[in-house]
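User: I'm new to this one. Can you walk me through a few spots?
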Amino acid sequence: MSVLLTLLAALIASGACAYHRTSLRTWAIVTIVATLVVGLLARAPATTVILLIIELAIALPLLMVDFRRKQISLPLLKLFAKVTPKLSETEQTALEAGTVGFEGELFSGKPDWHELLKQPKPELSVEEQAFMDGPVEELCSMIDDWQITHELADLPPNVWDFIKKNRFFGMIIPKQYGGLQFSALAHSAVLQKLNSMSATVASTVAVPNSLGPAELLLHYGSDEQKNHYLPRLAVGEEIPCFALTGPYAGSDATSIPDVGIVCKQVVDGVETLGIKLTFDKRYITLAPVATVVGLAFRMVDPEHLLGDQEDLGITLALLPRSTPGLEIGRRHFPLNIPFQNGPIRGKDVFAPLSVLIGGPQMAGHGWRMLVECLSVGRAISLPSNATGGMRASVLATGAYARMRKQFGLAVARFEGVEEALARIGGLTYATAALSRATAAAVDRGEKPAVPSAIAKYHATEWARQIAADTMDVHGGKAVQLGPKNYAGRGWSAVPIAITVEGANIMTRSLMIFGQGAIRCHPYVLKEMQALSIADRGEQLKTFDRLLFGHIGFGISNAVRSLAMGLTGARIGETAGDAYTRRYYRKLDRYSAALALTADVFMGVLGGKLKFKEKLSARLGDVLSYLYIASAMLKRYEDTGRPEADRPFLAWGFHQCMWLIQNALDGAIRNFPVRPVAWLLRALVFPFGRREVPPSDRLGRRVAALLTAPNEALDRLTDWVYTTPTANNTIGRMKALLPDVIAAEPVDRKFGKALKAGQFKAHDYLGQLAEARQAGVISDAEADLLRRVREGVFEFISVDDFDTDEMRAFKTRAAEDRRAGGDV
C-alpha cells in the first residue's frame, strides 16, 4: 500500500503540473518533493529512492540546456527537416495570408475565455442603423421577388437605380471616395435584411462589396486607380465583376490556364508596353451587366521585357468593358435564381500594363492578393445571406405552423413538426452567432482565414437543412411556385451558396483543418519556420525551445483531456455564470481533446495527413463546432444573458457537443494506426461517448418560442424585413399571429358547439352568424374568427396559372412562327 501511495503521489503531482502547464523546472521540483514527502510518510524508502532516481534521470538532462540541445534536439531537428513535407508556393501563401484570432485559443487546449469575453460588443453605429431603417427598409418595400425571378429574370430598373443612388455597391468604400465606409457588421446586417426578401437582390449587392475590384483596389490599387475607379464604383456608375473561375480551374487558382504575355504593340500610333491576354472564364457574377472586369491570369514575359523572370505567376488586372476583344457572353441561369451571371472570354486582348491592379510591381502577387481578400469577403457575404434566409424561415415557418391546421390542430402541435421547428430555431441561433462573430473579427482588423471558411461552410450547410425543414413544414404550400410562395426560391438558392467561393466539400475536407492545424497550432508553423533560419546556432536554439514547448503542450493536453473526461468536465475554474459555466467547461474538455488528437495525427502521419481528407474533415468539424459554440456564448453574454434565449442557446450548444463527439469518434475509429487509436480513445473518451443530442423536451421549448410573439424570437429574427407591406407575406403573417393566438380559445369554444350539432348552416360564415345569435360567442369574438380565417386563408393559399402563362416566351414565339402567326 505504501508503494502504491508513493507512486500515486508522484503521478498526481506530475499530472497537476501538466494540467496547469507549469514550467519544466516547477514540474521537477513539485514531483520530487511530493515523492519524497509521501514516500517518507508512507515509510517506503526503497520505492522513494527508485522514483527519485527515475525523476532525476528525466529532469536533469532536460534542465541542462546545452546538453539537451546537442544530444536530444539536434538529432530531432535533422529528422524533422527530413520528414517535414515541403509546402508548395500555393500552400505557403495560403498559410501566410490572414491572421489568427480566438480560433487559436480553441486549438490551444486551454482557451482563455476572458480574451473572448473582453472583445467589444458588435453594434451598428447611429449612421448604420439609420441606413437600415431608411434605404434598406425602402429597398425591401420595392422588392417583388416573383417579378424578379419569373417575369423579368432581373431586377427591375427602379430597383437598380435605387441601389446605385443609395450607394449599396459602396458599403466597403471609404467616404473619401464617396462610399458609405460601413463596418463589416453593417455590411452583414444589410445583406441579411435583403436576403429575407430576395436572394437575387442580396447576391447583387453582396458581390461588389465582397471579393472584387473594390476590395482589391482598396488594399493593392495605385492612387491613380483608386481615385479613378472607387468613386465610380461607390455610386454604381461602374458595375464590377471579378473573373477567376474557368472550365479547367476553379478553386485552384494557381492552375488557371489563362495567360497574359508581356509584349509591345502599337496603340494609336504609339508603341506601348502591355500584355496580350487569352482567357476563358465562367460563373462570373454581374458579368452580363459589368462595366469593369477584374481578371486573374498567369503572367509570362518570354522576351524579358520586364526583367529576368519569365513566369511571373498569378496576376490581377482591371479591364474596362470597352477593351477591344473582351467578350462578355450570354447569361448563365443558376437554378432559377436570376442574379446576373455569365461567361467572359478573350483571345489576344491587348491592354497596357497600367491595367494591372497595383501596377507592374504587383505582377505575380495575385494569389496572395486573392487569398487575403477572400478571407474577408467569405466571412461576410455568404454567411450573411444564409443567416438572413434562415431568420426569415424562422418567422415564416413558426407562424405558418401555428396558423395551418390538420385534424383540427395547429400543425405546430405535431411532434414531427415540432422536431423540425426545433432545428430551425436552434440552428438559426447558432448561425446568427457565427456570422456575427466573423463580422466582428473583420471589424477588429483581423483577416480571418480559418473562421471565414468555417462560417462559409456551416452557414450554407445549415441553411440547406433549414430550407429542407421549411419545405417539409409548409408541404404543398412551398412546392407550388408563384407570388404567394416565399419558400420555394430559398430552397432553389441553397445549392448555389454551397457551391460558390470554394465548394463545401473542398472547404470542409481541405481548408478548415488544413489551414487551422498549422495556422492555429501554437507550435507547428513556428517549428516549420525554424527550418528556414540560416544561422545554425540560432536555428537549434529556436527549435529546441519550440520542441520542448510542444512536447509539454502535448502531455498537458493528454492529461487535461483524460482528467476532464473522467470528471465529465465538472471541475476547474472557467468563465461564465451559474448557468453557462458548465458549457465553458465542456469547451475546455473538447479543446484539449482536439489539440491532443491533432498533434497525434500530425505526428504519426506527418505529410500523409493532408491526403487523408476524411480524417482532416472530421478534425475540422471539431474546430468548427468549438468556434460556433464559443460564438453562441459570446452572443449570449453580449445580449445581457437573457433567460428567454436559453432554450436557443442550450439546443445549439448541445447539438454542437453531440457533433464534436461524433467527429472525434469518427476520426479515432478510422485512424489507420490502431494501437495509437486505442490509446487516444482511452484519453479522449475514458467512459465512452456520453454526449447526447438536444432532448425532445428542449426541442419543444424551442418550437414554442417560434410559434408565438416573444422577446427571444424578436432577437433571433433581428434584421429581417417584417413591415407588413403588400409585397411582404412574412411580415403580414407576423402581424396576424397575435390574432391567431387570441382566436384559439374562441375557436375551441366554437368547434365544441359545432360538434354538438348546434348549427344548421353548412358554410363557415353562416355557422358564425348562428353562434353569435345563440350566444356561443360574442360579436367581437365572431369578428375575430372571421378576420383570422380570412387572413389565414391568404397565407395557406397557393397560385395557379393558365398554361400560356407558364410557357417561356421563346417557346410561345416559336409555336406562333410555326403556325404562321404574329409574335
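Predicted model: local features only at pLDDT ≥ 70, side-chain atom pairs only at ≥ 80, totals over all residues.

User: Okay. Is Leu 540 buried or exposed?
Analyst: Leu 540 has a relative accessible area of 14%, so it is buried.

User: Where is the place of Leu 540?
Analyst: Leu 540 belongs to helix α22, residues 536-566.

User: Which residues is Leu 540 in contact with, leaving aside its neighbours within four places in sequence?
Analyst: Arg 69, Ser 73, Leu 74 and Leu 77. Lys 70 is 470 residues away from Leu 540 in sequence, yet their C-alpha atoms are 8.6 Å apart in space.

User: New topic. Which residues form a nonpolar patch on the surface?
Analyst: Ile 29, Val 33, Val 37 and Leu 41. Together they have about 390 Å² of accessible area.

User: And Leu 41, buried or exposed?
Analyst: Exposed, because its relative accessibility is 70%. Leu 41 sits in helix α2, residues 24-41.

User: Now helices. At what angle do the axes of α23 and α26 cross?
Analyst: Roughly 170°. The axes come within 11 Å of each other. Helix α23 covers residues 581-605, and helix α26 covers residues 674-684.

User: So are they roughly parallel or antiparallel?
Analyst: Angles over 145 degrees count as roughly antiparallel, so α23 and α26 are roughly antiparallel to each other.

User: Which residues meet there?
Analyst: From α23, the set includes Arg 589, Leu 596 and Phe 601. From α26, they are Val 676, Leu 680, Leu 683 and Val 684.

How values were computed:
Residues numbered from 1 in each chain as written. Heavy atoms only, no water. Patch = residues over 30% accessible without salt bridge, like charges linked within 9 Å, V, L, I, M, F, W, Y side chains within 5 Å. Areas by Shrake-Rupley, 256 points an atom, 1.4 Å probe, with all protein chains shown as cover. Salt bridge = Lys/Arg side-chain N within 4 Å of Asp/Glu carboxyl O. Helix = DSSP H or I, 4+ residues; strand = E, 2+ residues; numbered from the N terminus. Buried < 20%, exposed > 50% of the residue type's maximum accessible area, 1.4 Å probe, protein only. Axes fitted to C-alpha atoms, helices over the stretch in contact; angles between N-to-C directions. Parallel < 35°, antiparallel > 145°, perpendicular 65-115°, else oblique. Contact = heavy atoms within 4.5 Å.
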